[in-house]
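Me: I am new to this structure. Could you take me through some of its ring pairs and helix contacts?

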Amino acid sequence: MATFSNAPLDLRRLLQKLVIMFSFSIICVSILYFLLGCCEPDLVDSSQNSPLGWYNKTVLREILTAPDYVADDGVDGNSSGKDWTASRRLPDALIIGVKKGGTRALLEFLRLHPDVRALGSEPHFFDRHYMRGLGWYRSMMPKALNGQIVMEKTPRYFVSPETPGRIHAMSRDIKLIVVVRDPITRAISDYTQIISKTPDIPSFASLTFKNRSMGQIDSLWSPLYIGLYARHLERWLAYFPLSQIHFVHGERLISDPAGELGRVQDFLGLQRIITDKHFYFNKTKGFPCLKKPEGSSKPHCLGKTKGRTHPKIDPEVIQKLREFYQPHNLKFYQMAGMDFGWQ
């Protein structure tokens with residue numbers, strides 16, 4: 001009877017233990033849920049408060065704003081909707097001349113700017129390959145982001161009669177850059193390049209004159225014809241206002257490259273990023289070089305074909321050329337609105 005009478009008591013104790021265990025389990029689960037709910041915002045916001053999170057955001061911002069960054073198609077680099085996809089498009093600016101004026105140096109200097117995308121070779125589209133069409137020309141251009149300036153250089157454009165009209169048909173708003181230097185020095189430099197390829201040609205003096213005894217200059221000889229800047233500029237002004245043409249002083253590009261590059265950047269609507277800290281003067285070559293361009297551990301000068309030693313020219317020939325070019329230079333100064341000071 002004792003065993004039977006204690007059975008209900010044992011059952012009640014068991015139920016009490018189960019209730020206590022169940023209640024304790026509920027309390028533990030509630031505490032765990034509470035802890036997880038409180039910690040979750042910290043986990044989400046930890047990138048904002050920790051140094052590592054700040055670093056990740058900083059790196060991401062630098063990547064997205066880097067000039068060469070290209071996002072996948074359809075991905076916005078930021079909430080403003082700016083297009084971060086690079087594409088090929090027709091140029092916004094052209095270096096149209098002149099040959100042996102310093103166009104290669106100018107192009108290399110401009111390529112330092114993160115907002116300039118320039119074709120390295122000379123496409124000669126408007127003077128030689130125009131029949132290939134604008135689609136072919138566009139395919140030659142480097143890929144660029146929205147906001148970057150696409151450009152190319154072909155010095156022969158300035159002296160080609162058909163080029164101004166063709167460029168105008170492509171774009172009425174394009175910006176044109178012309179590097180000019182003393183036409184006599186330019187002609188001698190041109191001749192120096194010619195004899196480096198064909199050393200058996202006649203002397204500079206004999207090619208300069210139609211008739212030396214009469215002092216008649218052969219203005220149609222290419223090295224001299226290119227220097228008739230006023231004649232060539234007249235064709236360009238028939239299509240473009242002077243405000244769309246910027247003249248780079250070739251001599252100052254050597255003596256003060258940062259100053260000339262500053263004015264070119266202003267003309268292109270670019271921030272002045274290229275400054276005197278990017279240049280040093282190479283006494284051997286006689287012109288400025290770049291101090292350790294981006295991606296290189298060594299200074300960069302133009303190739304061996306630049307800075308050749310000029311042949312000595314008879315002073316009498318130089319004087320005759322000065323007399324010949326003087327009225328042309330004065331007319332060019334007036335047209336360009338600049339006095340280049342060539343004697």
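Me: Is Phe340 buried or exposed?

Reply: This is a predicted model, where local features need pLDDT of at least 70, side-chain atom pairs count only at pLDDT 80 or more, and totals for chains, interfaces and linings use all residues. Residues are numbered from 1 along each chain as its sequence is written, and side-chain values use heavy atoms, with hydrogens and water left out. Buried means under 20% relative accessible area, exposed over 50%, and partly exposed in between (1.4 Å probe, protein chains only). Phe340 has a relative accessible area of 4%, so Phe340 is buried.

Me: Which kind of aromatic pair do Phe204 and Trp221 form?

Reply: Rings of Phe, Tyr and Trp (its six-membered ring) pair if their centres lie within 6.5 Å; planes under 30 degrees apart count as stacked, over 60 as edge-to-face and the rest as tilted. The structure holds 21 such aromatic pairs. In this one the centres are 5.5 Å apart and the planes 65 degrees apart, which makes the pair of Phe204 and Trp221 edge-to-face.

Me: How many residues apart in sequence are the parts that this pair ties together?

Reply: Helices (H or I, at least four residues) and strands (E, at least two) are DSSP runs, numbered from the N terminus. Phe204 lies in helix α7 (residues 204-208). Trp221 lies in the loop between β6 (216-217) and α8 (222-225), so the parts are apart in sequence by 17 residues.

Me: Which kind of pair do Phe340 and Trp342 form?

Reply: Trp342 is buried, at a relative accessible area of 9%. The ring centres of Phe340 and Trp342 are 4.9 Å apart. Their planes are 15 degrees apart, and the pair is stacked.

Me: How many of the 8 residues of helix α3 are buried?

Reply: Helix α3 covers residues 103-110 and is largely enclosed by the rest of the structure. Among its buried residues are Thr103, Glu108 and Phe109.

Me: What is α6 to α12, oblique or roughly parallel?

Reply: Axes are lines fitted to C-alpha atoms, for helices over the stretch in contact, and angles run from 0 to 180 degrees between N-to-C directions. The axes of α6 (residues 183-197) and α12 (residues 315-336) come within 9 Å and cross at roughly 125 degrees. Angles under 35 degrees count as roughly parallel, over 145 as roughly antiparallel, 65 to 115 as roughly perpendicular and the rest as oblique. That makes α6 to α12 oblique.
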